Amino acid sequence: MTDRERCIEKSWRPIIAKLARRNAGLDADVHDLKEGLVAVEERARAELGMIKPNETYYHVKADEVNLVIDEMIEGVFKTAGQELL
């Protein structure tokens, strides 16, 4: 092998390694999609908003969640304060 060929091969190694890692990840995705219904269900729910029969979908806005969390925290502190008295 010539110096030029070695240089070219050395410069391609990181690219080839990166593509090999990417391909391994894609192979895993393909396997999951072919074999695992869990992956299919997860994508259907996340990307298409699908639900199972007899399931109820609830959409909770972030502001409402924050309000509920604040109320829960406030209640914990009130209860803790009463226990200290």
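## A pair in helix 1

R13 and E9 sit four residues apart in helix 1 (residues 3–35), so about one helical turn separates them. Their side chains meet in a salt bridge, with N to O at 3.3 Å. R13 is partly exposed, at 48% relative accessible area. E9 is also partly exposed, at 34%.

## Overall build

This is a predicted model. The chain has three helices and zero strands. Its pattern along the sequence is α-α-α.

A compact globule of 85 residues would have a radius of gyration near 12 Å, but this chain has 27 Å. Along the principal axes, the C-alpha atoms fill a box of roughly 85 × 40 × 20 Å. Buried residues make up 1% of the chain.

## A salt-bridge network

The whole structure holds five salt bridges. E41, R45, K52 and E55 are linked in a network of them.

E41 and R45 meet at 3.0 Å, N to O. Both belong to helix 2, four residues apart, so about one helical turn lies between them. K52 and E41 meet at 3.6 Å, N to O. This pair links distant parts of the chain: K52 is in the loop between helix 2 and helix 3, E41 is in helix 2, and they are 11 residues apart. K52 is partly exposed, with a relative accessible area of 42%.

## Surface and charge

The chain exposes about 8300 Å², and carbon and sulfur atoms supply 60% of that. Y58, V60, V65, I69, I73 and F77 make a nonpolar surface patch of about 620 Å². V60 lies in the loop between helix 2 (37–48) and helix 3 (62–84).

There are 13 positive and 17 negative side chains. The centres of the two sets lie 12 Å apart.

Key:
Residues are numbered from 1 along each chain as its sequence is written. This is a predicted model: local features need pLDDT of at least 70, side-chain atom pairs count only at pLDDT 80 or more; totals for chains, interfaces and linings use all residues. Side-chain values use heavy atoms; hydrogens and water are left out. Helices (H or I, at least four residues) and strands (E, at least two) are DSSP runs, numbered from the N terminus. The radius of gyration is taken over C-alpha atoms; the globule rule is 2.2 Å times the number of residues to the power 0.38. Buried means under 20% relative accessible area, exposed over 50%, partly exposed in between (1.4 Å probe, protein chains only). Accessible areas come from the Shrake-Rupley method with a 1.4 Å probe; for residues, only the protein chains shown count as cover. Lys and Arg count as positive and Asp and Glu as negative; His and the chain ends are not counted. The place of a charge is taken as NZ of Lys, CZ of Arg, CG of Asp or CD of Glu. Patches are made of residues with over 30% relative accessible area and no salt bridge: like charges are joined within 9 Å, nonpolar side chains (Val, Leu, Ile, Met, Phe, Trp, Tyr) within 5 Å. A salt bridge is a side-chain nitrogen of Lys or Arg within 4 Å of a carboxyl oxygen of Asp or Glu.
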